[in-house]
Amino acid sequence: MSEFTAPEVAKENIYWATIKNSRGLLITILLLAILPFIIALVDGQPFSELLSNDPGQSKFYQALMIEIFILAVYAISYDLIFGITGMISFGHAMFFGVGAYVTGIMFKSFGWSLLPTIGLVILAGIVNALIFGIVLPRVKGITWALVTLGIAEVFFIVIQSRELVDFAGAEIGLQGVTPPEYLNPVTERLRFYYLAMIFMILVYIFYKRFVNSPTGRVCIANRENENRAIMLGYNTFWYKLTALIISSVTAGLAGALHAIFHPIIRPDIAGLSFTIAALLMVLIGGVGTLSGALIGAATFRLLSFGLDRYLGGSSQIIIGIVYVGIVLYLPFGIVGTWNQRSVRRKEGREQLLRMFTGSKEKKQDENEE
Amino acid sequence: MENNIILESIKLRKEFGALVAVANVSIKVKANTIHSIIGPNGAGKTTYFNLLSGNLEPTSGRVIFKGRDITNLPLYRTAHLGIGRSFQITNIFPNLTVLENVRLASQALGKDNFKFIRDYRHFEQYEHRAYEVINQVGLTERALSQAISLPHGDKRKLELGMILAPDPELLLLDEPTAGMAAEEVPEIMELIQKVQKSGKKTVMLVEHNMNVVMSISDYISVMHQGQILAEGTPSEIASNEVVQSAYLGGLYSDLQVS
């Protein structure tokens with residue numbers, strides 16, 4: 001009874017498994033890193049022009065990719081509280097909006113430089129998470145979702161108020177933010193591209209590690225069955241708050257990047273529709289998969305970009321239909337469904353192999369008999 | 001003698017409006033015993049159990065665990081004192097593996113819960129403990145399958161394993177055999193008995209099926225309409241006429257004797 005053996009799977013070297021499982025990530029990093037050059041090659045633009053940020057197809061698509069990187073960070077931060085920790089928030093856009101507006105206002109009205117601003121964004125993100133978390137011990141589930149909606153709507157109204165027009169620019173949005181020269185999205189686009197890309201990848205790796213840490217596992221337990229987690233002795237409040245803080249800070253940093261990248265910070269980014277966008281991106285990619293959020297963000301942005309370009313105003317209808325299709329036929333999202341079927345794909349491959357090689361073995365068996 | 005009492009309820013009372021579900025119940029549970037609470041449907045067993053485990057707040061009365069008042073402790077604190085609880089409704093993490101379910105249970109009382117970066121598989125002591133417990137409850141074969149895919153009986157075993165993982169002193173079990181096929185019941189009861197004997201644990205069992213607990217209990221308290229009708233060893237209870245009439249319909253028309 002006291003003797004037991006752990007299955008081999010569990011004993012597999014963790015480091016080796018991590019590297020093996022990171023193949024996809026490494027390939028993605030490589031592809032993203034050479035993407036501007038590939039586009040320049042296709043466009044016939046010399047690399048010297050590309051490196052000096054001359055206009056061209058590559059520069060145009062870099063901007064699109066930067067938007068995707070920012071959206072991806074925003075989406076993954078939503079996946080942490082929605083897909084991993086199991087809390088539905090309707091106020092997530094506020095996390096993003098706070099980051100964007102703090103950056104914009106500090107740059108424009110107070111003339112702060114980049115680093116102190118980033119520090120303030122992180123601080124604001126923590127405070128923001130605490131505001132959302134303050135009611136967590138009392139309300140759960142959909143009630144908490146409505147509380148977050150309320151808090152976020154207050155912020156949405158405040159940034160559009162007439163009284164703050166000098167700072168936040170009311171409903172037109174915050175204009176005239178001058179980014180630091182070395183991060184100018186127009187003249188230093190390639191550098192901005194790599195910065196946004198590295199930022200996204202670092203966030204992804206950090207999230208991945210967090211989810212696989214003891215704390216992250218408790219967050220998953222909270223999603224699976226909060227009462228059980230409490231009964232086991234976990235004070236789930238702290239875990240939910242931790243997830244909220246991490247999520248809020250990363251979303252805030254994405255917002256800061258957004259504020260530097262875009263000439264106008266529109267109040268829409270703090271509204272409910274932007275929260276729904278996060279939800280959509282996570283649903284498209286696969287809830288609780290992390291990498292799904294990145295793929296969802298790319299799908300989301302590329303779909304609206306492509307369809308807007310060819311269909312103009314009527315593209316919304318098509319986009320809506322595509323979303324319905326995704327939810328109907330890929331209920332677990334792109335990555336979620338892929339993971340689910342990977343077992344069956346493996347079986348299929350083995351079957352194929354057997355069809356070619358197995359016939360020989362069979363004959364041998366018969367001979368032996 | 002007093003030192004032997006591990007759990008005590010003092011005049012525990014719960015009212016739901018005009019209904020008195022539990023009326024001033026005082027029970028003393030001796031350490032290292034299996035103490036069962038039985039009674040017909042609607043006797044207030046589960047309400048009483050929820051008062052003990054902290055899921056319900058009593059109208060009045062106190063719960064003492066090892067000389068400490070735990071009546072108003074937050075639910076998660078109780079586990080840290082060494083009390084494991086399982087409920088009538090199976091309560092597991094459905095989409096995680098059996099191993100991960102038990103591993104999380106053994107991690108709960110450790111000191112590594114707020115480590116953000118390091119991979120959870122590096123904290124081997126929890127996984128080690130998890131395998132030990134999985135082996136103990138007889139789920140080694142299914143350690144890597146998803147909890148939701150287990151048959152019902154195995155889910156109950158898993159739940160028992162999750163309670164055992166932090167090595168509690170006191171197990172509170174509310175109908176551990178609820179919903180199980182009749183032939184599976186003896187197996188889980190033997191398991192409970194074995195666990196209790198091997199680890200010097202105290203088990204408090206709420207059951208509604210009398211036959212199940214007769215053989216393994218050291219003490220039995222019979223509940224009826226929110227009150228304790230009789231207390232004693234199984235043989236005393238079996239020969240108690242009041243209890244017989246309570247079950248057979250003298251006091252209560254319920255044919256729950258199986």
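Q: In what order do the six strands of the open sheet in chain B run?
A: In this predicted model, chain B has an open sheet made of six strands, and the pairing is mixed. From one strand to the next, the twist averages 15 degrees. Reading across, the order is E6-E7-E8-E3-E9-E10.

Q: Which strands of chain B stand at the edges of that sheet?
A: Look for strands with a single partner strand, so that one side is left without a neighbour in the sheet.

Q: Do E3 and E8 of chain B run parallel or antiparallel?
A: Strands can pair either way, through backbone hydrogen bonds. Here E3 (residues 34-38) and E8 (residues 202-206) of chain B are joined by four bridges.

Q: Which helix lies across E3, E7 and E8 of chain B?
A: Chain B has a helix spanning residues 185-199 that lies across these strands. Against E8(B), this helix runs at about 155 degrees. The helix is H6 of chain B.

Q: Which residue in the turn between E1(B) and E2(B) has a positive phi?
A: Start with the strands: E1 (residues 5-16) and E2 (residues 19-30) of chain B run antiparallel, joined by eight bridges. B:Lys14 stands opposite B:Val22 in E2(B). The two strands form a hairpin with two residues between them, and the phi in question is about 65 degrees. The residue is B:Gly17.

Q: How much area do chain A and chain B bury between them?
A: On the contact side, 34 residues of chain A meet 43 residues of chain B. Carbon and sulfur atoms carry 63% of the buried area. The total comes to about 3600 Å².

Q: What does A:Arg217 form a salt bridge with?
A: The count between chain A and chain B is two salt bridges. In the one with A:Arg217, the closest N and O atoms are 2.9 Å apart, which means the pair falls inside the 4 Å cut-off. The partner is B:Glu100.

Q: Which element gives the most to the side of chain A that touches chain B?
A: Across this interface there are 18 residue pairs in polar contact. Several helices of chain A give two or more residues to the side touching chain B, including H1, H2, H10 and H13. The top contributor gives seven residues, and that is H11(A).

Methods: Residues are numbered from 1 along each chain as its sequence is written. Chains are lettered from A and ligands numbered from 1 in the order in which they are written. This is a predicted model: local features need pLDDT of at least 70, side-chain atom pairs count only at pLDDT 80 or more; totals for chains, interfaces and linings use all residues. Side-chain values use heavy atoms; hydrogens and water are left out. Contact means heavy atoms within 4.5 Å. Buried area is the accessible area (1.4 Å probe) that two parts lose on being put together, summed over both. A salt bridge is a side-chain nitrogen of Lys or Arg within 4 Å of a carboxyl oxygen of Asp or Glu. A polar contact is a pair of N or O atoms within 3.5 Å; within protein, one must be able to donate a hydrogen and the other to accept it, and residues adjacent in sequence count only if both atoms are side-chain atoms. Two strands pair if DSSP finds at least two bridges between them. Axes are lines fitted to C-alpha atoms, for helices over the stretch in contact, and angles run from 0 to 180 degrees between N-to-C directions.
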